[in-house]
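The exercises that follow are meant to be worked with the sequence and the 3D structure open side by side. Please try each task before you read its solution.

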Amino acid sequence: MRGNGVIGILSESTNKWERRAPLTPAHCARLLHSGKGKAEVTRIIVQPSTKRIHHDALYEDVGCEVSEDLSDCGLILGIKQPKLEMILPDRAYAFFSHTHKAQKENMPLLDKILAERASLFDYELIVGDEGKRLLAFGRFAGRAGLVDFLSGLGRRYLSLGYSTPFLSLGSSYMYPSLAAAKAAVVSVGEEIATTGLPSTICPLVFVFTGSGNVSLGAQEIFKLLPHTFVDSSRLPELFDTASLPRRAFQVYGCVVGYEDMVEHSDPVQVFDKVEYYAHPERYEPVFHKKVAPYASVIVNCMYWERRYPRLLSYQQLQDLVHKGSPLVGICDITCDIGGSIEFVNRTTLIDSPFFRYDPLGDSYHEDMEGDGVICLAVDILPTEFAKEASQHFGDVLSHFIGNLASTKDIEDLPLHLKRACIAHGGALTHLYEYIPRMRNSQETQGNVTNGLSKKKRYTMLVSISGHLFDQFLINEALDIIEAAGGSFHLVKCQVGQCADSMSYSELEVGADNSAVLDKIVDSLTSIANTKEEDNGKTNLFAVKVGEVKDSCVKMGGYGSKKRNTVLILGAGRVCQPAVEFLSSIGNSNSPSEWKKSCKIAAEFEEHNYVQVIVASLFLKDAEEIINGIPDAIAVELDVMDHDSLSKYVSQVDIVISLLPASFHNTIANVCIEHKKDLVTASYINDSMLKLHDAAKGCGITILGEMGLDPGIDHMMAMKMINEAHAQGGKIRSFTSNCGGIPSPAAANNPLAYKFSWNPAGAIRSGCNPATYRHDGGTVHVDGDKIYESATKFRLHDFPAFALEVLPNRNSLIYGDLYGIQDEALTIFRGTLRYQGFGEIMGSLARIGFFHNEVCPILTNKDRPRPATYRTFLFALLELDNSDDEEESVKAEKLISERLLALGICKQDEAAIRTAKAIIFLGFYEQTEVPSTCQTAFDVTCLRMEERLAYTRTEQDMVLLHHEIVVDFSNGCPTEHRQATLLEFGRVENGKETSAMAFTVGIPVAIGTLLLLAKNITTTGVLRPIDPEVYEPALEILHAYGFNIMEKID
């Protein structure tokens, strides 16, 4: 290793489709121009490539050199294995080498590395404290695989005589971005939800095997369709029309694990995962009986070893077809040829991803016509999303580059990098000294009878399973065998392909006497701290992963780290993601991969951990938030009780308030009293600003507006504006649009909108006046005209989103806030909704649904009967009330005609859409209005809260989009710059988190971390508009998985 700070990037040569790069131009720019202390990277030389996703010129633009000659480089990076002639002496290389498991086909590469005295770092071996890989593409494989399969599914159904929305979908590589591919899938989903699928192919059931990253990536795409997930035990119900009628306006998903694929041979025994890993021969396959008969599509995402039962064999598929199985295709993302799905006997290409297998004729075909099932088995799926995959990979890798590029001695590297070094200075490192022994064993594999069996009198077959290679247990096992005087021959080796999969090796162990064999067995058994019974003709031993990990990994959570205590006030939906984020900091029992790619978090948690106290007026609410989160504490607290609030604030290091803004002034004063920092997501109002001097005087920071809007919008805006200013540009136009709306699949009501909290606040905000600047002129919109001012809004990268934008309050204050008041001719901030929302809400407002005066019909106690929703509606529409049962049939016509007669709506279509919304909200029902409702506003809020609520399976969505127009005085052309954040609600560890809660709760937690880590040193009342705040915050957001897409036109 030269450690000279010069990096080379190889031109990928293994596959024409390999367009990924280990570092993007943006990563290179940060490495070359970070400006932080001593430069660890001085030069980056990129081998020219005409197919790499980022063109050579983009690398040159950021200061890289483009040259075939990498001889000046000390560290050379690639994705896949390079050609042997590309290996230079005494250099350090990093790529996926596939050599650490002694894979025979890659041993020439390892020999070349050793001969040239080069150092080899394998990305696959860079793992976190819990053995989880930090550099991987699994989710991208799942995403690309399912998009490709859905595209083929449309063509397959067409060949079977069915036209489906899937037909409009292209393959993943045909889209310019992952976001564009998702938008196309969303468009397909909207068509399914609107026009439906042919009933004869429904229910359309997708079965996903496994729950790892590959499966999660595939499910991420699937969830863009209107869907319902069902447990495997409920699959038969989908086909029972008597109990659950077939629905053609959604698809079904089912995620299965090993417990759904096999059952114990002994009927009185239940499934035991540890036992199954060790003794799969004790289990029988049942997937073909209990799951496959109901599957339309099997999405195979689970790693499989040959000692396990197959998922689906030739014979089992034939039996299914004979019984009329609805199975249409196999999406084998694992690409395990001849493996768990036996009839998948070949890999396919990105540009020709399918083959068709006819089980009745036992024949393979390259077309979509005819009998059988279609199969996808592409083994290089992540490269279809080469841009995003490279970005994701480089985001993590770039944090390791400084050490790798500037270090000459591997002993000076951090442990996780040192452990990833297979070879150095012409020799294997000590962790990989098992490789020659395995190679020697493999070389005699074809001649066993003339080898080990003749040299040793006693032999036995020893099966070792567990994390053999990623935790180096194989070294220990082979050392035990040889130290005892035995020898071994590698009979079989199945290696895990991901951190969650175990590897399996069968060793024929020999010794001159049985006592030596006994000693070997006893020693191997001691590794796993488990004793296995002799149940057959050969002794079978398993190193069980659970026991091995318990004996080898030092437990203990925090050790001697410093505790940092955070008090969170409020236990609403936003609270949980913030608690989970903060509680993971410094807790070795709660590992998170994102921290390995985030320098701030990694450095902080090296000596610190965070304990979170959640305080709520109702203890039960706080307890629900912390359920399952280690070491978090729930307390009951009334913040209006000054003594109690003061007591808790005095005992912590920092306070987060997630309560309504009206409480913040009280909380801030207590924080000033005890000199404790405070973080909120709410707008900073005048009363908070007045506390600036007091906060600054006592040396604390009150960081406000640290949520989504306000929060992330500030950070994205200031990054764009400051970058433009730094390049000599002037902001001619600034527009910012943000909306929390249902995902397309959940936008299934006339308003295409739903509430995850009381709708009163959202309705009131729609009545606020707005002011903005457009082309140099100031535009005022009265509060009662906001809904009428909605304009059509479309995004090029998300063409399926039919949106509109409404002006949001006073946009002009952001001119001063962002420093563009004197240069921007347009300053506009808007609220996003689906198209048609403003029209209906405006009509409801004109009818009087939002009036806040006491409504006589609701409070008149002299009426013979209490008011119903229908009588309330008729009073607003000035209609005579009637109990005629025939009216329910003509309700829509009655209401729409009345809206036209009153002048509420000007066009028939608008009147009909409004009438549909009124009926959907239940205002035509004869149900009594609760006596607690005194105003029209009360009634409307109640109905909307009931009828516009999310179900447990529905997702919300957050879309934030900035656009700026930048003029340059130096003759450079005007630039249109955009930044977009798109997040969907998610389910992690069995907990549902809305996109709104996630995008508000995580920024609040990040602001807290930055204050604890002393990254923010400015005191007083702050917004996240200064580089000191937004630069590290955006970095952490990105590491945590927020995908902020930027582009310049």
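**Exercise 1.** Which strands does helix α12 lie across, and at about what angle does α12 run to β4?

Solution. This is a predicted model, in which local features need pLDDT of at least 70 and side-chain atom pairs count only at pLDDT 80 or more, while totals for chains, interfaces and linings use all residues. Residues are numbered from 1 along each chain as its sequence is written, and side-chain values use heavy atoms, with hydrogens and water left out. Begin by finding α12 at residues 386–406; helices (H or I, at least four residues) and strands (E, at least two) are DSSP runs, numbered from the N terminus. Helix α12 lies across β1, β4 and β6 (119–122), and runs at about 155° to β4, where angles go from 0 to 180 degrees between N-to-C directions and axes are lines fitted to C-alpha atoms, for helices over the stretch in contact.

**Exercise 2.** Describe the sheet of eight strands and the pairing of β1 with β4.

Solution. Follow the order β3-β2-β1-β4-β5-β6-β17-β18, which makes an open sheet with mixed pairing; two strands pair if DSSP finds at least two bridges between them. At the edges stand β3 (65–66) and β18 (427–428), each with a single partner strand, so one side of each has no neighbour in the sheet. Next, take β1 (residues 6–9) and β4 (residues 75–77), which pair in the parallel sense over three bridges, with G8 having I76 of β4 as its bridge partner.

**Exercise 3.** Work out how β29 and β30 are joined.

Solution. Strand β29 (residues 770–774) pairs with β30 (residues 777–781) in the antiparallel sense over five bridges, and H774 stands opposite G777 in β30. The two strands form a hairpin with two residues between them, and in the turn D775 has a positive phi of about 50°.

**Exercise 4.** Determine how helices α26 and α36 are arranged.

Solution. Helix α26 (residues 712–726) packs against α36 (residues 1027–1039) at an angle of about 110°, with the axes 10 Å apart. The two helices are therefore roughly perpendicular, a term that covers angles of 65 to 115 degrees. The contact (heavy atoms within 4.5 Å) includes M715 and K719 of α26, and Y1030 and L1034 of α36.

**Exercise 5.** Judge the confidence of the model.

Solution. The average pLDDT, the predictor's confidence in each residue from 0 to 100, is 86 for the protein, and 88% of the residues score at least 70. Over residues 529–556, however, the pLDDT is below 50.

Methods
Parallel < 35°, antiparallel > 145°, perpendicular 65-115°, else oblique.
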